[in-house]
Amino acid sequence: MANVTANNTRVNDADANTNWGNYNSTGGSPAAEPQLKYQGTNAVNKKITTTGSRGGIDYDPGANAINMTTSGNKLWICKVKIADAGDLNTTYGVEVGLGSQNNAFYSYNVAGSSANSPQFTDGYSSQGGLAEGYLIVAIDPEIAAWREGTTGSPTLTAVDYYNVAAQFVTGGAKSENLAMDAIDVGRGLTYTGTAGLFRDAIDFDQGTDNNRFGYACAVGNAFFLRGVHTLGGSSSLAFDSDEVVFFPDGYHSANSFGILCDLNNASTDINFRGLIAGLGSNQAAEDTRPFLTASGTTGKCLIEGVFQDFLRIELSSAVTCSGTVGTETLVQGGATFENATINSLSIFNTATIVDPDMTKITSTDFIQASGGHAIEITTTGTYSYQDIGFQGYGGTGGDNLIPSSGPEDAAIYNNSGGLVTINVAGGDSPSVRNAASSTTEVNQSVTLTFTGIEENSEVRIYEAGTTTELAGQENVTTGSFVYSFEGADAGNSVDVRIFNTEYQPVNFVQAQNSAITLQSTNQSIPIQQIFDRNYENP
């Protein structure tokens, strides 16, 4: 199994009520008790019955401040529980906050219709995946768009104040109904070792009572991951996952949720065979979809499963993909795609992948899953596309298949400022949008293959009804003959003659009403030659 470690600072484990107090609330002091705990022995809790405002508890040690503007301390993994969540105010039921002191902090709505993230607008939704029903929220305080309110002038380079409060409709609680458990600030988890799975992170995090950081939680057989999950490093990792994994939406920042594959160790071998899906959203304020990054070239990574709804996927030459990737931006980095699917989520007037190495992308389908182009070309020249499919993109110069998206969404965007020639062998002929001073020629090559040809046969192909030869070969030795032609010739007819001194001739000719009509896709015709020793090739 993988060795999992946390890139995390535990600010307080909430096992004692030292430095905990009331926030916007009168009544008794908070207590550290086991009844509502998520992590460790206790959680700090309190009975709240307020209906006219939010009240709760706070933690204010006044020391050991954390700089949350650094990459290693990007997220507060907030863990709170409301025991009678069905009585919460529907607009702004639960407030959490953090800052530099009790009069300088930012507040966030994490359960109510006015919340600034769709994750929380439907109200209280526990994310712990356990019967405890904890609400687990990853918050990046640097993102101004997530803040519901600001008190004073918080200093994010010195965070040491945290709070939680709730507002109810009837306020009829009979006992403690609000709790906050361990306060964790960090980045995520790192995996090394052998026979690794995402399940190992669940066992390490949620499955270990004294950990329960909130970076990895399970709901049945589905895993929910927060923060950055680093696979590999200076130590090797053998990792092979066919699991179902989700990165939830929330109050985090772009590039703070995702997977980093460190392939700098030659013994690192990572295989993704399951479903890994982003539940984040591409809001104008901040894009919360996850990322996948592969760094290093000495190990190897194989993508056989599905990466769905990612913001950015950046690969290296150590990666081979035969699965499906859905992303707004794809950086190939020398990776090989074969028998793969690329779902392009680029925004209108942009491309998912820029200047790909098409010698390493074969037998692959590009599917327009939202908008934008599949490929942008910025350098003039000739490019060969081998068995590449394009689905859902607009036509050349217009007639887009996505409503109201305009002509920008053709499959290819030629932004080279000059001539680009695309030679298509098999697959689809792509639609093209040309930038200023750019022109594109698409030449589609289609094949007509005759199989089962006897050794030493002679094959000749003519324009139908003429003696104009288009292709031919003497002494066929491979058992097949392949005729390649441009896609523009589809619909034309050809005469085909096959001779061999020991077999009767095979003729597909217009004079006998059996000329072959060329198709727009590759076709194969089996040949049966009848043995005849009395026949000689004229």
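Predicted model: local features only at pLDDT ≥ 70, side-chain atom pairs only at ≥ 80, totals over all residues.
Reader: Which residue in strand 33 stands opposite Ile375?

Author: Residues are numbered from 1 along each chain as its sequence is written, and side-chain values use heavy atoms, leaving out hydrogens and water. Strand 31 (residues 373-377) and strand 33 (residues 412-414) are parallel partners over 3 bridges; strands are DSSP runs of E, at least two residues long, numbered from the N terminus, and two of them pair if DSSP finds at least two bridges between them. Across this pairing, the residue opposite Ile375 is Ile412.

Reader: In what order do the strands of that open sheet of 4 strands run?

Author: Strands of a sheet pair through backbone hydrogen bonds, either parallel or antiparallel. Here the pairing is parallel, and the order is 29-31-33-35.

Reader: Which residue stands opposite Ile342 in strand 30?

Author: Let's move to another set of strands. Strand 28 runs parallel to strand 30 (residues 361-368), joined by 4 bridges. Strand 28 (residues 341-344) also pairs in the parallel sense with strand 26 (residues 324-331), again over 4 bridges, and there Thr324 stands opposite Thr341. On the strand 30 side, Ile342 faces Phe366.

Reader: Are the rings of Phe120 and Tyr251 stacked, edge-to-face or tilted?

Author: Rings of Phe, Tyr and Trp (its six-membered ring) pair if their centres lie within 6.5 Å, and planes under 30 degrees apart count as stacked, over 60 as edge-to-face and the rest as tilted. By this rule there are 23 aromatic pairs. In this one the centres are 4.8 Å apart and the planes stand at 40°, so the pair is tilted.

Reader: Is Phe120 buried or exposed?

Author: Buried means under 20% relative accessible area, exposed over 50%, and partly exposed in between (1.4 Å probe, protein chains only). Tyr251, at 0% relative accessibility, counts as buried. Phe120 has 3% relative accessibility, so Phe120 counts as buried.

Reader: Over the face of which residue does Arg433 lie?

Author: A charge sits over a ring if NZ of Lys or CZ of Arg is within 6 Å of the ring centre and within 35 degrees of the ring normal. One example is Arg212, over the face of Tyr38 at 5.2 Å from the ring centre. Arg433 lies at 4.2 Å from the ring centre of Tyr413.
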